[in-house]
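I opened the model to see how the chain is laid out and where it leaves open space. My notes follow in the order I looked things up.

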Amino acid sequence: MSGHVITHFILAWNNRDLEKIMGFFANNAFYTNVPMGPANKGKEAIYEFISLFLDSVTELEFIVHNQVENNSGIIMNERTDTFMMNNHFVSLPVMGIFIVKDNLICEWRDYFDMA
């Protein structure tokens with residue numbers, strides 16, 4: 001089941017393990033924070049984006065409240081992403097959509113309110 005991939009992916013985030021995080025992505029994957037603009041396409045672009053983010057936060061925890069999946073490898077999770085950035089805690093309600101094929105993330109879109 002593809003949901004297990006995402007469960008382990010979230011654990012890698014909580015451990016701030018960049019190499020493990022990147023191991024979940026297909027080479028041609030794309031990732032976007034929808035309200036922030038264009039997608040990061042390809043593993044190298046995703047690596048750069050995630051690396052910069054991890055370097056900018058001192059604490060991080062993703063808490064999954066609900067997660068569902070269908071038989072087509074689409075997983076959706078409702079979660080709260082909490083992190084410390086610039087000496088301020090941010091707690092962000094997020095809706096994430098993942099498409100997993102062959103146990104690799106091909107697409108990841110996060111939706112949240114920028115306000």
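**Entry 1: the pocket**

I began with the largest pocket and read off about 360 Å³ of space in it. The model is a predicted one, and I kept that in mind for every entry below.

I then asked which residues line the largest pocket nearest its centre. The lining has 21 residues, and Asn 33, Phe 53, Phe 83, Leu 92 and Phe 112 are the ones nearest the centre. By class, I noted 16 nonpolar residues, four charged and one polar.

Next I looked up where the lining comes from. I found at least two residues from each of β1, α3, β4, β5 and β6. The largest share is that of β4, with four residues.

**Entry 2: confidence**

The mean pLDDT of the protein is 93, and 99% of the residues reach 70 or more. Where is confidence lowest, and where is it highest? I found the lowest mean, 88, in β2, and the highest, 97, in helix α2, residues 18-22.

**Entry 3: the sheet**

I traced the strands across the sheet. There are six, the sheet is open, and the order reads β2-β1-β6-β5-β4-β3 with mixed pairing. The edges are β2 (40-41) and β3 (57-69), each of which pairs on one side only.

I reminded myself that strands of a sheet pair through backbone hydrogen bonds, either parallel or antiparallel. I then went through the pairs.

In which sense do β1 and β6 pair? I found the parallel sense, over five bridges, between β1 (residues 25-33) and β6 (residues 104-111). Within β6, Ile 105 stands opposite Phe 25, and Asp 110 is the bridge partner of Asn 33. I had already listed Asn 33 among the residues nearest the pocket centre.

β5 and β6 are antiparallel, with seven bridges. Trp 108 in β6 stands opposite Phe 98. The hairpin of these two strands has two residues between them, and I noted a positive phi near 55 degrees at Asp 102.

Moving on, I counted twelve bridges between β4 and β5, which also run antiparallel. Pro 93 in β5 is the bridge partner of Thr 80. This hairpin has two residues between its strands, and Asn 86 in the turn has a positive phi of about 55 degrees.

I noted two positions here: Asn 66 stands opposite Glu 78 in β4, and Phe 62 has Asp 81 in β4 as its bridge partner. Four residues lie between the strands of this hairpin, and Gly 73 in the turn takes a positive phi of about 85 degrees.

**Entry 4: helices on the sheet**

Strand β1 pairs with β6 in the parallel sense. Helix α1 (residues 2-14) packs on the sheet and touches β1, β3, β4 (74-85), β5 (88-101) and β6. I read an angle of about 165 degrees between the direction of α1 and that of β3.

Helix α3 (residues 43-56) also packs on the sheet, and I listed its contacts as β1, β2, β3, β4 and β6. The direction of α3 makes about 50 degrees with that of β1.

Key:
Residues are numbered from 1 along each chain as its sequence is written. This is a predicted model: local features need pLDDT of at least 70, side-chain atom pairs count only at pLDDT 80 or more; totals for chains, interfaces and linings use all residues. Side-chain values use heavy atoms; hydrogens and water are left out. Two strands pair if DSSP finds at least two bridges between them. Contact means heavy atoms within 4.5 Å. Axes are lines fitted to C-alpha atoms, for helices over the stretch in contact, and angles run from 0 to 180 degrees between N-to-C directions. On a 1 Å grid over the protein atoms alone, a cavity is a set of points where a 1.4 Å probe fits but cannot get out, and a pocket is an open set with protein on both sides within 12 Å along at least five of seven lines; lining residues have an atom within 4 Å of a point. Grid points are joined across faces, edges and corners, and a volume is the space filled by probe spheres set on the points. Ala, Val, Leu, Ile, Met, Phe, Trp, Tyr, Cys and Pro count as nonpolar, Asp, Glu, Lys and Arg as charged, and the others, Gly among them, as polar. pLDDT is the predictor's confidence in each residue, from 0 to 100.
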